[in-house]
Each structure stands twice: as structure tokens, then as C-alpha cells.
Amino acid sequence: MRSAKRWITGVAMAALGAAAQAAPITASGITWNPDYADGGEVDFISQFDFTQWYSRTSSVGGAIAANSYSSALVFNDVYTDQQNGGTFGTYYLQGAGEIYRINGDTGFAAAGRELTYVFGGIVLQADGSLDYSQAWGKLFAGYTTPVNYTHPASSDAEVLDAQTGELFLDLRFNSASFVDGDIGNGTVSASLRIVGGTAAEYFDPRALTYTGDANFNPSGRYSGGGNGSSLGNTENVVPEPASLALMGLGLMGLAFIRRR
């Protein structure tokens, strides 16, 4: 009986130790360490590259249209119209990209998988600001075949591929603003809320902070140098240490009753 008590005590202590050192999290073939030591509260730090463009094709509904990329507008035409007080509420900013590092690790995706990023629903206003009230972002855990998304995006097929796979995170904008520059060459900071996706349950709170910057060649249709990062806090969905301790005590209690 004494050896059984020792075994049960060992199980309880091991359970407490496991809670203190959380296991890596995997969702849709994407793995990261919730104990990543970053010196702060966040432990999900993703870095990405992206391409963005303006189009008259609306992306407000939560997806980028099939021909949006190929119908992108020359930036100087958009900018000149904006400067001259042109027709607004009809220019939409959207983009596609790929996450290349999570918590300093470039090997976070399972073999044959990729983590892509798309955004849209951003409307250019007459004063040169961007309306984010209907803006959205989505991360997809997709596959590298039959189409492998590569940065920068170069076709409608690649943009479609960036929207294919398992929805990893579904995001909405709480707020966004330029911290530097303007619609042609600037840095945007945003607060995003997580409303769904296979990884949503691991985020506490269900939120991300976002920073991204990009620049347009006046005669070009697509941005160059688009890159950014998003930060969040995650934790593994495991029993709390107190619950594990109670479980261990319960096992010991059962052993005591059995001995009597």
C-alpha cells in the first residue's frame, strides 16, 4: 500500500510540474511555445511580409475578390484623385502575405504547410485617411501544393491560395491609425480582436496588436517592402494548477479509503 501512495503522490507532483511548464501548442499544423521568453506579457510574436494594393473591387465582405489583384490601380492615379477631392468610398485597400517566423522560429509549420495572411475592407476617405470600420484580417493554415504562396504576391491565383486552407485566426479591427507617413508610404498600428479560427481558444485575451509598414512606387500598382508583426498572449488549454492539486489529493484520499 505504501508503494501505491508513493506512486499517487508522484503522479500529482508530475501533474503540477507539467502545468508549470506548458507544452507547445499546435493548431492546424502550426506549432508555437506558449512559454516563449520574450521579457514581457506576450508569447505569440509573428512576423510577416505582405503586398497591398488599391482596387475599386470591394473587399468589405470578408474576402478578396478573384480578380482584385490583377485589377489593382496605379497608385499615382489614386493619390491624384484623392488630392483633387475625387470620388471616395470606392477605393479599397487590401493585401496578402505570409507569416515567416513565430517566436523567433521559422520551422513552426508542419511539412507541406504554410501560414498566410490576407486583409481587406479598408476604405480610402477624402481626407486621405483610411476607414477601418469594416476592416478584417484572416490567417489561413494552408498547404504548399498545388499552389505555394510566395512573397511578393504575383497573381490572382496566389492571392486565392493565400485565402485557402483552415482558418487559423479570424480578425476584426478595433482601431487603426498611421503612426508615421500616409497612404503612400507609412506605418500603421492597429488593435485587432479575434472572433474565430482554430487557434482562437488559445489566446487570452482574444486580441492582437499589429504594426505594419509599406510603400508605393507612384507609377506602380503594388506596394513594396511590406512587412510587420503581430503580438498576442496565449496559453495551453490545460487544467489549472489548483485543479491538478485537488486531483492529486483526491487520488490520495481514495487510496486512504481503500486502505481502511
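**A tour around strand β8**

Start by selecting β8 and strand β9 (residues 185–196): the two run antiparallel and are joined by 10 bridges. Strands here are DSSP runs of E with at least two residues, numbered from the N terminus, and two strands pair if DSSP finds at least two bridges between them. Before you go on, note that this is a predicted model, where local features need pLDDT of at least 70 and side-chain atom pairs count only at pLDDT 80 or more, while totals for chains, interfaces and linings use all residues. Residues are numbered from 1 along each chain as its sequence is written, and side-chain values use heavy atoms, leaving out hydrogens and water.

Now look between β8 and β9: they form a hairpin with 3 residues between them. Select Leu171 next, and you will find its bridge partner, Ile194, in β9.

Move to strand β7 (residues 136–143), which pairs with β8 in the antiparallel sense over 6 bridges. Pick Ala141 there; its bridge partner in β8 is Glu166.

Stay on Glu166 and show its side chain. Which residue forms a salt bridge with Glu166? Select Arg113: the closest N and O atoms are 3.2 Å apart. A salt bridge is a side-chain nitrogen of Lys or Arg within 4 Å of a carboxyl oxygen of Asp or Glu. This pair links distant parts of the chain, with Glu166 in strand β8 (residues 166–181) and Arg113 in strand β5 (residues 113–124), 53 residues apart.

Finally, select Arg172 and Asp170, another salt bridge, whose closest N and O atoms are 2.6 Å apart. The whole structure holds 2 salt bridges.

Key. Helices (H or I, at least four residues) and strands (E, at least two) are DSSP runs, numbered from the N terminus.
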